[in-house]
Amino acid sequence: MNNNLYNYILGVADNSLILAQRLGELCGHGPTLETDIALTNISLDLLGQTRSYYQYAAKIKGEDATEDSIAFLRLEREYKNVLLVEQPNTHFGFVIARQFLFDVYHYMIMQQLQNSKDLNLAAIANKGIKEVSYHKRFSSDWVKRLGDGTSESNQKIQEAIDALWRFTDELFDILEADQKMINEGVAVDVSKLKAAYYEEVSEVLKEANIQIPESKYFTRGGKKGIHSEHMGYLLADLQYMQRTYPNMTW
């Protein structure tokens, strides 16, 4: 088993799984029918990508590993998603801000991952890039609509950006497994994307009349399995069926 490749795949895939779970919680609760369906479809896109990653990860791990066991039967500390994606759906502004801050990063990752020397990862990225491009366009447009809308909508999206900004720097942390895969031409060196990320995010925020947070304090730990208090509750919902009915098959 290639532990470094396995852990790198989890680091990429877990972000999509956990964000998909958060968006899935909103099904039937969107502010309009169109937006509700759009968010649900984004959740399904992310789950589809996650399945491809986990199927590949299961082959690497071997033994009795399956996409379901990797998705549902790990302990909290074994998930490697960033803290940003596990933050709760406080209000619609938070949902959009969280999505936007992740989508810009996700699109950059997928662009680069298409050039991976690992043909499986390159294929997953090549297949998913159009979906992620739509996700970024959707969330960017909503940031602009909320920021340049009413005084209340501007206040809500500003509040969300201010609260979530501290989770953005972790996106560019590189773990030991990541570095080894970067050296082999398999992984994306996310540290090289940081400047372009903040530049693109800042341009959208300025266009939306949203102030760019000046705080230099950042929270991290998710990539190392050290999660926020929200993660345990999320996993309780996510894992309920598999843990209640062990070895269940569809």
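Let's start with a charged pair: Asp 169 and Arg 220 form a salt bridge, with their closest N and O atoms 2.8 Å apart. (A salt bridge here is a side-chain nitrogen of Lys or Arg within 4 Å of a carboxyl oxygen of Asp or Glu.) Asp 169 sits in the loop between α7 (151–164) and α8, and Arg 220 in the loop between α9 (194–207) and α10, so the pair ties together parts that are 51 residues apart in sequence. Helices, by the way, are DSSP runs of H or I with at least four residues, numbered from the N terminus. Asp 169 counts as buried at 11% relative accessibility, while Arg 220 is partly exposed at 37%. Buried means under 20% relative accessible area, exposed means over 50%, and partly exposed is in between, using a 1.4 Å probe and protein chains only. Salt bridges with shared partners join Asp 169, Asp 173, Lys 194 and Arg 220 into one network.

A word on what you're looking at: this is a predicted model, where local features need pLDDT of at least 70 and side-chain atom pairs count only at pLDDT 80 or more, while totals for chains, interfaces and linings use all residues. Residues are numbered from 1 along each chain as its sequence is written, and side-chain values use heavy atoms, with hydrogens and water left out.

Back to the charges. The structure holds 9 salt bridges. One of them pairs Arg 74 with Asp 14, the closest N and O atoms being 2.8 Å apart. That pair links distant parts of the chain, 60 residues apart: Arg 74 is in the loop between α3 and α4 (83–86), and Asp 14 is in helix α1. Arg 74 is buried, with a relative accessible area of 7%, and Asp 14 is buried too, at 0%. Another salt bridge joins Glu 25 to Arg 22, with closest N and O atoms 2.9 Å apart. Here Glu 25 is partly exposed at 31%, whereas Arg 22 is buried at 6%.

Now for the pockets. On a 1 Å grid over the protein atoms alone, a pocket is an open set of points where a 1.4 Å probe fits, with protein on both sides within 12 Å along at least five of seven lines; lining residues have an atom within 4 Å of a point. The largest pocket has a volume of about 320 Å³, volume being the space filled by probe spheres set on the points. It is lined by 15 residues, and Leu 17, Leu 47, Ala 71, Phe 72 and Leu 238 are the closest to its centre. Helices α1 (3–24), α2 (33–61), α3 (67–72) and α10 each supply at least two residues of that lining. The lining divides into 8 nonpolar, 3 polar and 4 charged residues.

The second largest pocket has a volume of about 250 Å³. Its lining has 20 residues, with Tyr 8, Gly 11, Val 12, Asp 178 and Lys 223 nearest its centre. Helix α1 gives the largest share of this lining, 6 residues, and α1, α5 (92–113) and α8 (176–183) each supply at least two. By type, the lining holds 11 nonpolar, 5 polar and 4 charged residues.

Last stop is helix α10 (residues 230–244), where Met 241 lies. Met 241 counts as partly exposed, at 39% relative accessibility.

Note on methods:
Nonpolar A, V, L, I, M, F, W, Y, C, P; charged D, E, K, R; others polar.
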